[in-house]
Amino acid sequence: MPYQNMLIEQKLSDYINKASDLAGKTFEKKVRVAILCSFTINGIEDAIRVKAADKNIDCTVYAGGYNQHNQEILNQDSDLYKFSPHISFLMMDTRNVLGEIFHFPYSISESERKSFIEKKIKEIEDLINIFTSRTKSKLVIANFNIPTYSSYGLFETKTEYGFHKMIEDLNHRLASSFANSGSVYVYDFNSFVSQYGENNVFDYKLFFFGDIKVSPDYIPYLANDFMSYIIGYLGITKKCIVLDLDNTLWGGIIGEDEFSGIKLGPEPPGNAYVEFQKVLLALHQRGIILAINSKNNYDDALKVIKEHPYMILREEHFASLKINWNDKVSNIKEIANELNIGLDSMVFIDDDPINREFMKLSLPEILTVDPSPDPSQYTNIIKKMNEFSALNITSEDTQRGKMYSEQRKRSELEHTVTDIESFLKQLELKVFIKSANEFTIPRISQLTLKTNQFNLTTKRYQESDIQKFSNDDKYFVGCAQVLDKFGDNGITGVFVVRKDNSKEWFLDTFLMSCRVMGREVEKGLLGHIINKAKESGVERIKAQFIPTQKNKPIENFLPACGFKKDGDYWIYSLDSKLTIPNYLVVRVE
Amino acid sequence: MSKKLYDLVAKVMNVPSSTINDESGPESMANWTSFKGYVLLYELETAFSVKFTLDEAMDVKKIADIKRHLENHGIILND
């Protein structure tokens with residue numbers, strides 16, 4: 001990805017023209033998006049479709065009529081509901097919502113202003129609740145831009161519950177109302193306007209000309225933000241950033257400039273690299289895996305990582321360190337294997353255009369990012385990327401960095417023992433089986449959305465789906481937390497069983513995160529399902545393996561556990577005996 | 001200089017530049033919707049570093065009108 005494209009958007013007309021060329025093309029994933037807006041926002045559908053196509057997503061967009069959002073939501077027979085969107089974006093402008101009070105906030109008293117906002121938030125909540133009761137679509141509602149102008153001028157900030165405070169309160173109340181909702185998200189449109197500038201985003205002439213409240217040049221930036229939700233919804237969030245070292249994490253070349261000569265510290269340009277590392281560390285702390293892929297002498301580079309006083313990222317922050325003279329494509333493949341993640345979930349950042357070109361040509365599924373020739377822009381570029389967007393950040397995500405550091409220690413143990421069984425015994429594996437509840441449902445959904453390899457059916461479920469299953473007696477949903485002597489791997493296994501009848505259950509979903517693959521933990525989880533089936537008098541468990549390009553690791557799981565092939569399905573007779581490894585401690589919580 | 005204007009109109013309207021002349025406008029071009037009309041004016045402002053007035057924006061029936069408005073801002077398109 002050229003850095004210019006990440007910092008400066010193309011013109012809206014470019015997107016409109018490219019969108020007209022998309023007809024007939026096929027893409028890997030599909031999503032239906034509705035856009036409801038109280039003002040003119042033409043062109044955003046084209047920009048979203050083109051941006052989605054760049055990520056191999058066929059995005060069908062329903063653009064609601066101008067200022068028709070209320071009618072479309074209230075009328076249960078509206079075209080909006082017929083379209084059945086997966087994600088709906090709702091933008092209501094500050095002017096529309098405040099009406100005359102937008103211009104004359106001080107024509108009413110402070111208490112009247114408070115009552116007014118109270119009434120408005122209630123109206124918005126009611127509208128959203130009607131929408132969510134009628135559709136499974138996620139709803140992304142934009143908050144309200146706080147205009148810089150106030151008729152009170154300098155005195156605005158000294159005024160109790162003044163004009164700006166009213167809109168701040170509206171935004172705050174909106175965010176609070178839906179903070180715990182799994183289906184409603186608040187988009188920070190006010191920050192969007194701050195980022196690009198009110199005078200740029202809002203053009204009076206266009207406003208008077210056609211009620212246009214986002215200028216054409218800024219529609220692609222807005223579309224980029226909206227794409228974040230589509231990425232999060234589809235679960236195609238990138239998991240790992242693979243970094244070069246020289247001129248990427250620090251300035252200069254360690255092999256030539258030596259330890260004291262590299263640029264890293266409080267002075268420019270070293271401070272740009274420190275800042276970049278801080279942004280990467282923050283991503284690591286929310287669950288993005290970091291790895292190194294660098295052509296260098298291992299000892300020279302590791303000395304910087306371990307001992308340089310201004311280095312922010314240390315050895316424990318990297319899940320893998322490939323510092324050698326091998327080609328970078330081979331290295332990155334090894335990193336993917338070690339971490340058990342797909343190449344398409346990786347981002348590669350390298351200042352060297354030749355390395356980047358080699359990567360792009362060899363492994364196009366990896367997102368190769370040009371950090372720009374100017375280190376002062378590295379931070380900006382990483383912050384502009386929407387590839388790390390997730391609709392939910394679970395406690396497993398925040399612990400992931402630590403987990404991968406523990407994984408490195410496991411690998412070290414694996415290399416010191418000669419056979420796999422001794423290794424697994426020494427791991428002291430524990431499997432805690434948990435039911436689906438308010439704490440586990442977000443992670444269960446996340447695993448169904450993200451797990452590709454050890455996944456029997458690759459069925460993707462949103463939180464609302466899992467919630468529905470867990471409330472339905474016809475379903476049995478659970479998950480497994482896996483621990484070992486090096487630490488807690490978190491919830492890494494999921495099952496969804498459909499109780500078809502009194503004699504037969506169907507294994508709708510069965511998956512394990514790549515993090516715990518190869519330890520036979522899955523047998524502990526399956527054993528639990530079998531025990532429950534026996535308790536319920538069930539005679540057989542039916543399962544299905546739906547092959548994909550990525551789930552080969554689970555291909556032999558069913559026959560290995562005693563399932564027998566029956567047409568397109570596999571049947572496990574409860575008379576069979578599943579052997580659960582004796583080194584596994586399984587506990588049902 | 002007219003070429004720069006024609007090329008931009010052609011790009012926004014997604015038609016070949018050769019089909020554009022001073023008489024081209026919303027009446028003669030199916031692609032010239034009101035939406036594309038304001039996208040065109042907005043992109044012209046950037047390309048020619050001018051700011052049209054609201055009256056000028058509303059008074060565009062054909063390319064010749066745009067040329068006239070550009071002249072008001074000191075942009076003379078000599079062929």
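Which domains does the domain assignment give for chain A? Chain A is assigned domain 1 (3–234), domain 2 (240–384) and domain 3 (418–588), and these bounds come from an automatic or database domain assignment. Before I go on, please keep in mind that this is a predicted model, in which local features need pLDDT of at least 70 and side-chain atom pairs count only at pLDDT 80 or more, while totals for chains, interfaces and linings use all residues. Residues are numbered from 1 along each chain as its sequence is written, and chains are lettered from A and ligands numbered from 1 in the order in which they are written. Taken over C-alpha atoms, the centres of domain 2 of chain A and domain 3 of chain A are separated by 36 Å.

Let me turn to an open sheet of chain A. Its 5 strands follow the order β2-β1-β3-β4-β5, and the pairing is parallel; strands here are DSSP runs (E, at least two residues), helices are DSSP runs as well (H or I, at least four residues), and both are numbered from the N terminus. Two strands count as paired if DSSP finds at least two bridges between them. At the edges stand β2 (57–63) and β5 (184–187) of chain A, each with a single partner strand, so one side of each has no neighbour in the sheet. On average, neighbouring strands of this sheet are turned by 20° against each other, direction ignored. Strand β1 (residues 29–37) of chain A is joined to β2(A) by 7 bridges, and the two run parallel, with Lys29(A) standing opposite Ile57(A) in β2(A).

Helix α3 (residues 44–54) of chain A lies across β1 and β2 of chain A and runs at about 170° to β2(A), where axes are lines fitted to C-alpha atoms, for helices over the stretch in contact, and angles run from 0 to 180 degrees between N-to-C directions. Contact between two residues means that their C-beta atoms, placed from the backbone, lie within 7 Å.

Which residues of helix α15 (residues 298–307) of chain A are buried? They are Ala301(A), Val304(A) and Ile305(A), and a residue is called buried if 20 or more other C-beta atoms lie within 10 Å of its own, exposed if 12 or fewer, and partly exposed in between, with C-beta atoms placed from the backbone. Seen down the axis of α15(A), the buried residues fall within an arc of 95°, so they line one face of the helix; the arc is that of the directions from the helix axis to the C-beta atoms. On the other side of α15(A), Asp299(A), Lys306(A) and Glu307(A) are exposed. The cover over the buried residues includes α13 (254–257), β7 (289–295) and β8 of chain A.

Strand β9 (residues 346–349) of chain A is covered on both faces, with Met346(A) and Phe348(A) buried on one side and Val347(A) and Ile349(A) buried on the other. Strand β6 (residues 240–243) of chain A runs parallel to β9(A) and is joined to it by 4 bridges, and Val242(A) stands opposite Phe348(A). Strand β10 (residues 367–369) of chain A also pairs with β9(A) in the parallel sense, over 3 bridges, and there Val369(A) is the bridge partner of Ile349(A).

Finally, Asp327(A) sits in the loop between β8 (318–324) and α16 (328–339) of chain A, and it counts as partly exposed because it has 15 C-beta neighbours inside 10 Å.
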